[in-house]
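Have the viewer open as you read.

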Amino acid sequence: MTMAPYRVLLFATLRDLANTATATVELPPAATVGQLRAALVQKYPALADYMPAAIVAVNHAFTTDDTPLTPDDEIAAFPPVSGG
Amino acid sequence: MPQVTVIFFASLRQITGTPRITLEIPAGTTVGELKQRLLQRYPDLEKSFQGIVTTIGEVTATDDEIVPDGAEIALFHPIAGGHAAPEPPTLILLTEDEIDLTAVLQSITQPTTGAVVFFTGVVRGLTHQQTTAYLEYEAYPAMAEAKMQQIAAEIRARWPKVEGVALVQRVGRLTVGAPTTLVACAAPHRHDGAFEAARYGIDRLKEIVPVWKKEVGPDGSAWVTGHYRPTPADEPPSPTR
């Protein structure tokens, strides 16, 4: 099974904890958002407490853990928003 | 010489940099000749003049009509395929600059607008005796702008009488008292849903627009935590083909 690199934009608390604005994780083909969450926590253990509540957006759209991913997607992970 | 007022709407206003001008014109000047004068003054209007609608006192005017003294001439683009009404303006802005409330008001006001409701959030300095020095705002810009556009569309779907809509979010370091966000909704009358639409706009912005703030006070800084967890149900329905 060939793994492929997925780039993930991180914002706010998640970026501070991972100490990077762009995370990279390796995922198998036909990966889902759920697998991405697990891979992020594995590579960046500091995110563990925050990943369950984090929002994962794919191509600017909200997702569920079943949402499929491709390496070309624009993927972002961030805490619940607090603008306004 | 006769004096006339020319009113610019939407994109025309951005080109001229002013919502209205007053001009003196020779007696007997036609609408077509007046437009030529405007082109001399604002050459950049040329490409916008294609398909433009001109009204005198809210009645559509042709190019060969003579402009009467004291006339109010409005210039705007009609809704594609529709009648001669200006398209409702939408202002979506994510900016580090100060929010210019008057400019926002002007940019969403149309000839049919009679009521505009503004909501603005400002940095609170004192919360239950706790002092805030400033807030540091951060955004995911491309998605934030897409979601603000989505909210404007949601507002128009729910309150069809609402016309102009503005959603502005400021980012960067914002000090106590500074406006941080602005939601403004325009409508012909105050009971046409503008109050409800503005409230919906700010509530929705706080749910789905990816912006975060860090609070900085005398004892250090902390990210403010949001509570809403959007799902695919928060996406607009996919377009039917």
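Is A:Arg15 buried, partly exposed or exposed, going by its relative accessible area? This is a predicted model, so keep in mind that what follows is computed from predicted coordinates. A:Arg15 has a relative accessible area of 22%, which means that it is partly exposed. Its salt-bridge partner is A:Asp16, and the closest N and O atoms of the two are 3.3 Å apart. A:Asp16 is partly exposed as well, with a relative accessible area of 37%.

**Salt bridges**

Over all chains, the structure holds 11 salt bridges.

| Pair | Distance, N to O |
|---|---|
| A:Arg15 and A:Asp16 | 3.3 Å |
| B:Arg173 and B:Glu136 | 4.0 Å |
| B:Arg204 and B:Glu154 | 2.8 Å |

Let's take the two chain B pairs in turn. The side chains of B:Arg173 and B:Glu136 meet in a salt bridge at 4.0 Å. That pair links distant parts of the chain: B:Arg173 is in strand 12 (residues 172-175) of chain B, while B:Glu136 is in strand 10 (residues 134-139) of chain B, and they are 37 residues apart. B:Arg173 is exposed, with a relative accessible area of 52%, whereas B:Glu136 counts as partly exposed at 29%.

Now for the other pair: B:Arg204 and B:Glu154 meet at 2.8 Å, N to O. How much of each partner can be reached? B:Arg204 is buried, with a relative accessible area of 8%, and B:Glu154 counts as buried too, at 13%.

**A negative patch**

Which residues gather in a patch of negative charge on the surface? They are B:Glu96, B:Asp97, B:Glu98 and B:Asp100. If you want to find B:Asp100, look in the loop between strand 6 (90-95) and helix 3 (101-108) of chain B. B:Asp100 counts as partly exposed, because its relative accessibility is 45%.

**A buried isoleucine**

Next up is B:Ile7, in strand 1 (residues 3-8) of chain B. With 11% relative accessibility, B:Ile7 counts as buried. What is B:Ile7 in contact with, once its neighbours within four places in sequence are left aside? The contacts are B:Pro19, B:Arg20, B:Glu72, B:Ile73, B:Ala74 and B:Leu75. For a sense of scale, the C-alpha atoms of B:Ile7 and B:Gln130 are separated by 49 Å, and the two residues are 123 residues apart along the chain.

**Positive phi values**

Finally, have a look at two backbone angles. A:His60 is a residue other than glycine, yet its phi is positive, near 70°. You'll find A:His60 in the loop between strand 3 (55-58) and strand 4 (61-62) of chain A, and at 22% relative accessibility it counts as partly exposed. B:Gln129 is not a glycine either, and its phi is about 65°, again positive. B:Gln129 lies in the loop between strand 8 (126-127) and strand 9 (130-131) of chain B. B:Gln129 is exposed, with a relative accessible area of 76%.

Key:
Residues numbered from 1 in each chain as written. Chains lettered and ligands numbered in written order. Predicted model: local features only at pLDDT ≥ 70, side-chain atom pairs only at ≥ 80, totals over all residues. Heavy atoms only, no water. Patch = residues over 30% accessible without salt bridge, like charges linked within 9 Å, V, L, I, M, F, W, Y side chains within 5 Å. Areas by Shrake-Rupley, 256 points an atom, 1.4 Å probe, with all protein chains shown as cover. Lys, Arg positive; Asp, Glu negative; His and termini not counted. Charge placed at Lys NZ, Arg CZ, Asp CG, Glu CD. Helix = DSSP H or I, 4+ residues; strand = E, 2+ residues; numbered from the N terminus. Buried < 20%, exposed > 50% of the residue type's maximum accessible area, 1.4 Å probe, protein only. Contact = heavy atoms within 4.5 Å.
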